[in-house]
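Subject: Structure handover

Hello,

Here is the structure I promised to pass on. Please open it first, then read my notes below.

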Amino acid sequence: MAIPLAITATEFRTGEAVVFTKGALVDPIRASCAYPGMFLPVEIDGHSYIDGMLAYAVPTTPLRQMGADRVIGIYLSAHWSNARPPRHVFEVIGQCFSIAQSKLSESWAKDANLVIEPDVNGFAYDCFERAQELIAAGEAAMRAALPQVRDMLKLPKSSAVQKIGFAPITSPAPPQQASPAV
């Protein structure tokens, strides 16, 4: 690929962190999204893989290992539980992972230049009908962080920002090489 890509997963039997950087994308992406308790592990080359969040809650460390100079971590830190008791086992599992992620956040945050935390409190894991609100929360958090991102990337300050991306519309800076993460 022209732009380096790293897809994280967790080997189900050993708990080993795995980073896919070559080959077909479909199975590693499926494995990276195979949330324990909801989806079965994905088999790749004789190994069973589950969600990468167990190994890398936010995959900042693999990006540093790949040579990224600047890393932005996006952390969805909401606890799933609210005032009511859990409705089913998936909410229990989700709350347990939320607690674990919160406790382990220092392990990945050390490899981020900037951590952005969109306000996702009040959203349930299954509130797909509120997708636009979640997108808006992410956009608001990113827009609020744009001055820090511009400083980190050494981009000129501008109030005019393209709809997608960080480069100003007028007199854009030369592109900086960055490493995206999934």
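**Salt bridges**

Start with Arg13 and Glu11, whose side chains form a salt bridge with 3.9 Å from N to O. Keep in mind throughout that this is a predicted model.

The two partners sit in opposite surroundings. Arg13 is exposed, because its relative accessibility is 59% and the cut-off for exposed is over 50%. Glu11 has a relative accessibility of 5%, so this residue counts as buried.

The structure has five salt bridges. Two others lie within helices.

- Arg30 pairs with Asp27, and their closest N and O atoms are 3.0 Å apart. Both residues belong to helix H1 (residues 26–32), with three residues, or about one turn of the helix, from one to the other. Arg30 is partly exposed at 47% relative accessibility. Asp27 is also partly exposed, with a relative accessible area of 32%.
- Glu139 and Arg143 form a salt bridge through their side chains, at 3.0 Å from N to O. They are four residues apart in helix H5 (residues 131–153), so about one helical turn separates them. Glu139 is partly exposed at 34% relative accessibility. Arg143 is partly exposed too, with a relative accessible area of 41%.

**The chain as a whole**

Now step back. The protein chain has five helices and six strands. Read from the N terminus, the order is β-β-α-β-β-α-β-α-α-β-α. The chain has 182 residues, and 35% of them count as buried.

The accessible surface is about 11200 Å². Carbon and sulfur atoms make up 60% of that surface.

**The four-stranded sheet**

Four strands make an open sheet. Their order is E2-E1-E4-E3, and they pair in the antiparallel sense. Which strands stand at the edges? They are E2 (17–20) and E3 (42–44). Each has a single partner strand, so one side of each has no neighbour in the sheet. On average, neighbouring strands in this sheet are turned by 45° against each other, direction ignored.

As a reminder, strands of a sheet pair through backbone hydrogen bonds, and the pairing can be parallel or antiparallel.

**Strand E1**

E1 (residues 7–11) pairs with E2 over four bridges, antiparallel. Thr8 has Val19 of E2 as its bridge partner. Thr10 stands opposite Ala17 in E2.

E1 and E2 make a hairpin, with five residues between the two strands. Gly15 lies in the turn and has a positive phi of about 80°.

E1 also runs antiparallel to E4, and three bridges join the two. Here Glu11 has Tyr49 of E4 as its bridge partner.

How many residues of E1 are buried? Five of the five are, so the strand is largely enclosed by the rest of the structure. Both of its faces are covered. Ile7, Ala9 and Glu11 are buried on one side, and Thr8 and Thr10 on the other.

**Thr10**

Thr10 lies in E1. Is Thr10 buried or exposed? It is buried, because its relative accessibility is 4% and buried means under 20%.

What does the side chain of Thr10 reach? It comes to 3.2 Å from the backbone nitrogen of Ala55. Beyond neighbours within four places in sequence, Thr10 has contacts that include Gly15, Glu16, Tyr49, Leu54 and Ala55.

**Asp45**

One last residue. Asp45 sits in the loop between E3 and strand E4 (47–51). Its phi is near 50°, a positive value in a residue other than glycine. Most residues other than glycine have a negative phi. Asp45 counts as exposed, because its relative accessibility is 76%.

Best wishes

Notes
Residues numbered from 1 in each chain as written. Predicted model: local features only at pLDDT ≥ 70, side-chain atom pairs only at ≥ 80, totals over all residues. Heavy atoms only, no water. Buried < 20%, exposed > 50% of the residue type's maximum accessible area, 1.4 Å probe, protein only. Areas by Shrake-Rupley, 256 points an atom, 1.4 Å probe, with all protein chains shown as cover. Pairing = 2+ DSSP bridges. Axes fitted to C-alpha atoms, helices over the stretch in contact; angles between N-to-C directions. Polar contact = N/O pair within 3.5 Å; in protein donor to acceptor, adjacent residues only side chain to side chain. Contact = heavy atoms within 4.5 Å. Salt bridge = Lys/Arg side-chain N within 4 Å of Asp/Glu carboxyl O.
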